[in-house]
Structure formats: C-alpha cells, structure tokens
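Subject: Structure for you to look through

Dear colleague,

Here is the structure that I promised to pass on to you. Please open it beside this message and look up each place as you read.

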Amino acid sequence: MVNPTVQHSNHHLLTNQTFKPKQELLKLKRLRTYLKNINKPAVKTIQSSDGDLIDCVLSHLQPAFDHPHLKGMKPLEPPTRPKANESTEIRSYQLWTVSGESCPEGTVPIRRTTEKDVMRASTLQRFGRKIIRGVRRETMSNDHEHAIAFVNGEEYYGAKASISVWTPKVTDQYEFSLSQLWIISGTFGDDLNTIEAGWQVSPELYGDIYPRFFTYWTSDAYQTTGCYNLLCSGFVQTNSRIAMGAAISPTSSTDGSQLDIGIMIWKDPKHGNWWLELGSGQLVGYWPSFLFSHLQEHASMIQFGGEIVNSRSSMQGFHTSTQMGSGHFADEGFGKASYFRNLQVVDWDNNLVPLSNLHLLADHPNCYDIKAGKNNVWGDYFYYGGPGRNSKCP
C-alpha cells in the first residue's frame, strides 16, 4: 500500500519544476547522476511483490568499492564467529525472495533507488541519511524519542539480540519508527562513531509502510559521513540472499504468531572489521574499520531499543500518533508488546557473554515505555514501545 501523502508530495515536487526551469533542470541532472552512481549494472533484476526492484550486482561492483580505500579490492572471506553454543540455520525473512527467485552466486542483491525515492527527501544531500542525531544522549532529545536498554563502562567488541518485527503506524511522511541495536564509541560530540542495524518503517526513505531490514553507520555524529544500507560507499555486502532495505515478511500480529529476527554485529579479531549477521548463521557483510576513528578499537556503549521521530510537537503543539514497536506499551507483554530477547555482548576474546548492569531509559514513558526481565529461555530481555499520542501523552 502506497502512502497517499507520498504520492501527493511527488506530484507537488513535479509541478513545482515549471517555476524555475534552469534550476530544476540542474537539480534533475544532479539527481540522475547520483542515481547512475548508486544503481550499479545488474546481471539480473527481480521484481518484488511490494514494488521493489532488486538488482543482482557483481559483488566487486557494489557501491562500497567506489571508496578510494577499497577500489580494485574484493570482499573479504568470512571471519571467525563469536563462540556460543548454538546451531546455524538459513531462513528467508524477505518479501522479494517469496517467488523463489534469487541472485546468482558472485552477486549481491541491491534494492534499486528510484527518482521518486530521492525526490521524497527534502534535498539530495539529505537522502539516505539520518540528518538529526539518532543516538540517545540526554534526557530531553529534540524530536527523536527513544525507549532503550543500554550497557556502558566496559570495552565491547559486538552485540547480539533477537528483535520482534511489527508494522507500526507512521503518521507523517517525514517521521519513522525503528527498532535496532547501536554499537557506539567516542563522545556524544562531533566524533561520535556508530554502527546500527535493525528494522524500520520509513515512508520518506522507502515510499511505503513496510518494516524493512536496514543498517546505518557514521563516524562524525551523523554530520557528513555514513548512510542507510548501501546508499553510499562503506558497508561491503557479501551475501547473495539478503537485500538491505528490503521488506521483512512475515511480521508479528497481536495475539497471533510472533516473528523475530536475530541480529549480531561483531569485530573480527583478525582484520578488525565489523561484521553483520542476520538470523542464525547468515553473514550479510562488514563495515571496514578504516571508516571509523574510535570504533577501530572497540565500542564503549551498546544500545538496544526503539526510536521514533515526533515532528508534530514543534509544528502543531501535540504529540505524534506514530507508534513504536507494536504500538502497545511494555506492560501488555507477550503477544501484544514488541520485544528484544537474548541480549548479549561480545568480549575481547570473541565470546558472546551475558550483559552486566543493564540500564533502561524512556524519554517520554507516557508515550513509549520499556520494561526488562530475565529468564532461562530468553536470557536478558525487554518489552518496549507504545502508541504515541494518548490521554497521558497529549
């Protein structure tokens, strides 16, 4: 289902092009040059039922290899996984694979970026980027609101969690709702380094309301470096079955089946790069360590949880109805509230270990809250989320 405000917005942009023909032509030329750079030649294209086009691109031609430090290189071999007692299984979580189509070995599936995608962003520079910071730093953040669990005070070499996937309502084109884990280092000033992965609903970025698997990175507090998915040079994809930014299917339903995805990010002890795994045993790719300053060493904080953008309060004086997680509060528990389970971190010796000293933080607990627990099956876990605007969150 396409968000009607998205269509209206595109129409508005197109009709505006007649007012300043020279400027608009230049803008269109820049946009097309950008698309030509970001959309690489495909050996095969797969049409997904949600409207996405998935291009199978030779792995050495993916956007990462436009980076001066990676030109002419090939993706690295798989690293040593952190030690833990578990089996590996290969499962498909993505809508584009439902038809049975797949990308050939030696290629990586990349969601094609369209003119419409870019035109939904306010500027070309903003496209594919979290312009306003996306990390929780003090009690009153501006229009980004969080309900998170975090650990700090030690050296961390990775983290792992299983995250339940929902389709939260996002009520404004320029808002989003996401659930992710953050690997963080540096101060919360201009030198902040983060690596992020999870699922998000973002009408601005994708033009629809599907929850989508995503990644993000920055080495300067979201200022000039980094991007979502493969929308700039950085992340090197090694998997031919997972597409960044593609819709996740199936998803959880209230009092029905609960679907969660496992995400692990860890630092390869041999080469120092940060690797990403989806599910149990599916390596997706890696962030080369040279992209970062502080994260070349280790992380100093790990965050797990939800984030939304609330653009209503400043503009219209009331809170957004954009939902976080499932749209239900943490107290409502299994089958209703969204959760993170089996939270773990990776230590200096590449072992997955339980958390020590887990902290909880909700910016606006009347809008979105969080509640943690521990048991033998789920280890460290928490429920989180909420509906946004309600009688206690006006």
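A charge is said to sit over a ring if NZ of Lys or CZ of Arg is within 6 Å of the ring centre and within 35 degrees of the ring normal. Please keep in mind throughout that this is a predicted model. With that rule in hand, you can look at Arg 389, which lies over the face of Phe 318 at 4.2 Å from the ring centre. Another case is Lys 130, whose charged end sits over the ring of Tyr 216, 5.6 Å from the centre of that ring.

Next come the contacts between rings. Two rings of Phe, Tyr or Trp pair if their centres lie within 6.5 Å, and planes over 60 degrees apart count as edge-to-face. By this rule the count comes to 18 aromatic pairs. One of them is formed by Tyr 339 and Tyr 383, and it is edge-to-face because the ring centres are 6.2 Å apart and the planes stand at 85 degrees. This pair links distant parts of the chain, since Tyr 339 belongs to strand β14 (residues 338–346) and Tyr 383 to strand β18 (residues 379–385), 44 residues apart. Tyr 339 and Tyr 383 are both buried. Tyr 383 also pairs with Trp 378, and here the centres are 6.1 Å apart with the planes at 45 degrees, so the pair is tilted. Trp 378, like Tyr 383, is buried. Ring pairs link these residues into a cluster made of Phe 334, Tyr 339, Trp 378, Tyr 381 and Tyr 383.

How many of the residues of strand β10 are buried? Eight of the eight are, and therefore β10 is largely enclosed by the rest of the structure. Asp 260, Gly 262, Met 264 and Trp 266 point one way from β10, while Ile 261, Ile 263, Ile 265 and Lys 267 point the other way, and all are buried. Strand β5 (residues 158–164) runs antiparallel to β10 and is joined to it by seven bridges, with Ser 162 standing opposite Gly 262. Strand β11 (residues 274–278) also runs antiparallel to β10, and five bridges join the two; in this pairing Met 264 stands opposite Glu 277. The hairpin of β10 and β11 has six residues between the strands, and in it Gly 272 takes a positive phi near 85 degrees.

Some backbone details in the loops also deserve a careful look. Asn 229, in the loop between β8 (212–218) and β9, has a phi near 55 degrees, a positive value in a residue other than glycine. Asn 357, in the loop between β15 (352–353) and β16 (359–362), likewise has a positive phi, near 65 degrees. Asn 229 counts as buried because its relative accessibility is 7%, whereas Asn 357 is exposed, with a relative accessible area of 54%. A cis peptide bond joins Ser 249 and Pro 250, with omega about -5 degrees, and Pro 250 is found in the loop between β9 (236–237) and β10 (260–267).

With best wishes

Key: Residues are numbered from 1 along each chain as its sequence is written. This is a predicted model: local features need pLDDT of at least 70, side-chain atom pairs count only at pLDDT 80 or more; totals for chains, interfaces and linings use all residues. Side-chain values use heavy atoms; hydrogens and water are left out. Rings of Phe, Tyr and Trp (its six-membered ring) pair if their centres lie within 6.5 Å; planes under 30 degrees apart count as stacked, over 60 as edge-to-face and the rest as tilted. Helices (H or I, at least four residues) and strands (E, at least two) are DSSP runs, numbered from the N terminus. Buried means under 20% relative accessible area, exposed over 50%, partly exposed in between (1.4 Å probe, protein chains only). Two strands pair if DSSP finds at least two bridges between them.
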